[in-house]
Each structure stands twice: as C-alpha cells, then as structure tokens.
Amino acid sequence: MLTHLHVKNLAIVEDIEIDFGKRLNILTGETGVGKSVIVGSINIALGAKISSDMIRTDEDYALVEMIFEIDEYERRLLEELAVYPEDGMLIISRKIMGKRSVSKINGETVTLNMLKRTAGKLIDIHGQHEHQSLLYKENHLAIIDRYARDITDRLKDEISSLYLEYIRVKKEYDKLHVSEEERGREAAFLEFEKNEIEQADIGDNEEEELEKLYKKLNHAEKTASAVGKAYEYTSGGADNAAAMISSALGILGEAADYDESVAGYVSMLADVETILSDVNHELSSYIDNFNFDGQLYAETEERLDFVRKILAKYGGNKESLDRHYEKVMERYRVLSDYERHMEELAARLASVQAELDDASRRLSEARKKAAGQLSGFIEKALGELSFAGVKFEVAFEKLQTYSAGGIDEAEFLISTNPGEPIKPLAKVASGGELSRIMLAIKSVLADKDSIHSLVFDEIDTGISGRTAQRVSEKLAVIAGSHQVICITHLAQIAAMADNHYVIEKKQSGGRTSTDIRLLDESGTYNELARIIGGTQITEAVKASAGEMKKLAADWKRKTHANPND
C-alpha cells in the first residue's frame, strides 16, 4: 500500500507531502490547481518518460519519493526481483536533473528498468486517457492474459522458449537447405580457410614469443655495445671499478691492522670485489660469444608478420582464431555429411514445431475459456455501471505465423443497447462509455490482481447523474479489497471517500504553487458543497452535501463495501 508521497520542485509543485490511507482516497480541487501533477508525479516515480522542463522554474532538480507498506505476499513478489523491503517498508525515489535522472530503491541506485519492474508489483495507474487504449485491439489480448495470468504466464514462458528454439533450428535448416552448387562453393571456401589455419600452425603463445625474440634481435647491436661499455667501466680501463676496489682493499687492509672495526669494511668490500669479478666474467663471455644471426632475424621478422596477418584475418588473437577454426570445422563436417544432417534438422524442426503447435493450442484454449469468463464478469460490471442490456464478447483469430506470445489475435465486441448488433468496441463506444468499460475491466481484474494499490485519474470523464453514482459505488467495491487513489470532479464519487484530500493553489513571494491537505469531516462537507454549488454555496447546497455523504455511508454499510477493520 502506498502510504506516503513526497513531491518537490515538479511543475507548479514546490514541496508537498501526502499520507494516503486505506481504501478509497479521493483527490478534488478546482481546474488548473495541479491535480494531474500529483498523478503525473506517481507516474514519474514509476519510470515514465520525463523532460527537463518539468523541473520547477529556477530550481536545479525535481524529486518524487514514494513509501510503500509491504505485506507478506508483496514481499515474496519483490524477493523474486532480489528487492528486499526493510522493516516492512519500501522507498522508491526518482530525482530529475536536467536531461538525466537517478532512480533509487531503499536508497540504493537502480536502473530505470528495475524501478519499473519493482513498482509494477505494487501499484497500477489508470491515466486520464488510458481508456483510449481500448480502441486498439492489440491491447485486448493483454487484458485477457492478465485476467488469466496464473495459466497464461506459464504457457507463454513455455511458448517463448519453444519459439526461440524453433527460430534457431529453422534458421539453421534454411541455411543448410541450399543448392548443390552453393554447397560446393561454400565447402571449397571452408576447405581453403581450414587448410590456411592448419598450415599456419600458430602456437598458443607464439605471437608473444616471436615479439620478444624480434625485439631482442632488432636491438642486438645496441645491446652488445652497452655490454662492452659496462665491461670497460668495470674492468677494461685504467680507472675501472675493479682496479679502484682493489686499491681500496689494500688501503683498508693496512688500516685494519690498527683498528679492528675497519676489518668489517674489508670483508664487505672483498665480497663486492668477488661479485664484480663474476659480473666481469659474464660480460666478457657475452662479448666473446656475441654473433648477430642475420638469417634468424629475417626468419623471425617474416614469421611474426605472417602470424599477425593470420590472426588479424580471423579475429585478432589466438582465441578468436581457434573459435573460428571450430566453426569452420563444424560447418565443414555438416556439409561433408549433408544428407544425414538435413534429415536430423528436418526431424528436429518437425519435433519443435509440433511442441510449439501443442503449447500454442493449449494457450489458445486457456485464453478462450478465460475470455468467456471475463466477458460474463464484464457484462455484469457494465450492468452495474448503467449499461442496460449490454452484451460483451471476445472474438479470436488465428495468426498466420508463430510468435513468442502464441497464435492468437483477440478483439473486444460490444452492444451497448438491446437489439443492436454486436460490433468491435472501437466502432461503438463513445469516450464516456470507454471510461466506464475500462473501469468495469479494472474492477474485474482487481479481484484477480496481486497489485494492491490502484490509481484512477478522472475515471468520471463524460459521465454524470445516476451513472456517476454507479461509478462511485464500483470504486467503493474495489476499495473494499484494494487501496484506491482517485482524482475526480464529481460530487457523487467524492462523497464515497474514506479519505478526502483537496488540492489548492497558493501564492507566496510572487510565485504560485500547489498544496494538498487531508480534510476533516467539516472540510469534506464544505468541499462537496463547492463541487455541487460552485461559487454559490448556500445552506441548501450544504444540506445536499451532507445528505450525499450520509447516503454514501449508508450504502457502504448496507453493501459491506467498507467493512470495519
């Protein structure tokens, strides 16, 4: 359940905080006070697209934060996403800064996709114009699947897996199913690559080893010159290091006869002389044995160039070369035994297709069964929303090709008046009727849905009078088992509120901002009177507001739409 909403620096909202209650939360206010911003802020926190001009003028950022109270069932759903509530609470926030935004769950930064997936488990929004989606039949099948999700989700997962395998096998089959001439050309090319890689015979670390050897040979003369210089400094010249150390030892040896502490220096310097002697021996040996091998240098350079060329051709490194070789050999073996492989692929394709047919058929049957149940429930719900004698059906057509979602196409059909033929929804329903049809669908789905919080933005578009009363009753019924947040401009719906909030504009420092507050009983009556009477709030209007609120309370008690906790 959404318990708290915090909105800061969004459009005309400066800084508001709302504590929502259980059941039916109603939001009302004059036109233009920012009611749509409230629902828009929830949409933003749930991952909707944003633009920088949504940030309040002269501010650097906008922030939307929601706090949810999580029950045990929701906790299990969230843990499937590796999201873990803390102390039964979950905080979702989104901060908008220019063209970028930062999304967080319980203070931890997450991707926008993770934010959407998480929020989708907790809250569902019916936007101001969402009912227009009913005009497009591609949305109808999704409604049926949502109604029967316990069955359809499992079957769609099975079909999706089979469909991917079907596409993979068919692609392989089509690739192999070519003319003998094309196979011959491909086999010749594969054989050329196979022979080229095999004859190259490149070792695992050969390129690195050749590079080291080439570098050594390429700088051989420079290295020999350096060794000669070092030898000259240590033992070759008149003032070389060996001679100087020998002189130092002689002098210190004499001094050691007079001072025993000097003997230690003599010992250390003697060690240095021994080490330097060994170094001089090695340097001398290197110089004596140095012989630049021009042929080895040329062969190394040629081999290194060849190895680099082959590796560049087949991916840039030995690992890529080996992977390519394996693919070449696999394809070469297939073409070498073409008939057998074609038979195996044809059998595999037929097997997968049969499984896909069966799973698609089972999904189609489940959808048609669910559609029959759903139609009956929607008809009943529409009857409760002042659709007298309404008929509602779902027509199915079979797709010509397979898909990851099955082989069905569905369309809602309706007759809103007795005696009229049933026709596609898009050709019959008006805007106001679409709004009520969507409410009927939502009310049916609510009984099957795991999402506890539902938001309705001006569900009352295009209705009034008795129909408005029926809509308010339907919302109250839904709120008996769900938290409902609803923006409305109709008194009949507002009167049904368990928690009533008023949205107002206020001015401070020459700037306008939106404010929202929870009304007490007196405030609720005054707001109902304002909705009924407009600018003229007479005693009679106040009395009508009180009577409307009393009738709503009586209806809820009588129908148990709002039982006591």
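1. The chain exposes about 30,600 Å², and carbon and sulfur atoms supply 49% of that area; accessible areas here come from the Shrake-Rupley method with a 1.4 Å probe, and for residues only the protein chains shown count as cover. The model is a predicted one, in which local features need pLDDT of at least 70 and side-chain atom pairs count only at pLDDT 80 or more, while totals for chains, interfaces and linings use all residues. Residues are numbered from 1 along each chain as its sequence is written, and side-chain values use heavy atoms, with hydrogens and water left out.

2. Of the 565 residues of the chain, 42% count as buried, a word that stands for under 20% relative accessible area, whereas exposed stands for over 50% and partly exposed for what lies in between (1.4 Å probe, protein chains only). Among contacts in the chain with a separation of 6 or more, 70% come from residues 24 or more positions apart, where contact means heavy atoms within 4.5 Å.

3. The chain holds 19 helices and 15 strands, which are DSSP runs numbered from the N terminus (helices: H or I, at least four residues; strands: E, at least two). Its radius of gyration is 41 Å, well over the 24 Å that the globule rule gives for 565 residues, so the chain is more spread out than a compact globule; the radius is taken over C-alpha atoms, and the rule is 2.2 Å times the number of residues to the power 0.38. Taken along the principal axes, the C-alpha atoms fill a box of roughly 125 × 85 × 40 Å.

4. Helix α19 (residues 539-559) has 21 residues, which at 1.5 Å a residue should span 30 Å, and its end C-alpha atoms are 30 Å apart, in agreement; the expected span is 1.5 Å times one less than the number of residues. The buried residues in α19 are V541, A545, K549, A552, W555 and K556. These residues cover an arc of only 125° around the axis, which puts them on the same side of α19, the arc being that of the directions from the helix axis to the C-beta atoms. What covers them includes α16 (465-479), α17 (491-494) and α18 (521-533), while E539, A540, R557 and K558 are exposed on the other side of α19.

5. Four bridges join β8 to strand β12 (residues 453-457), and the two run parallel; strands pair if DSSP finds at least two bridges between them. The bridge partner of I125 in β12 is V455.

6. Two residues other than glycine have a positive phi and deserve a look: N9, with phi near 60°, and D201, with phi near 45°. N9 lies in strand β1 (residues 2-10) and is buried, with a relative accessible area of 4%. D201 is found in the loop between α6 (180-200) and α7, and at 60% relative accessibility D201 counts as exposed.
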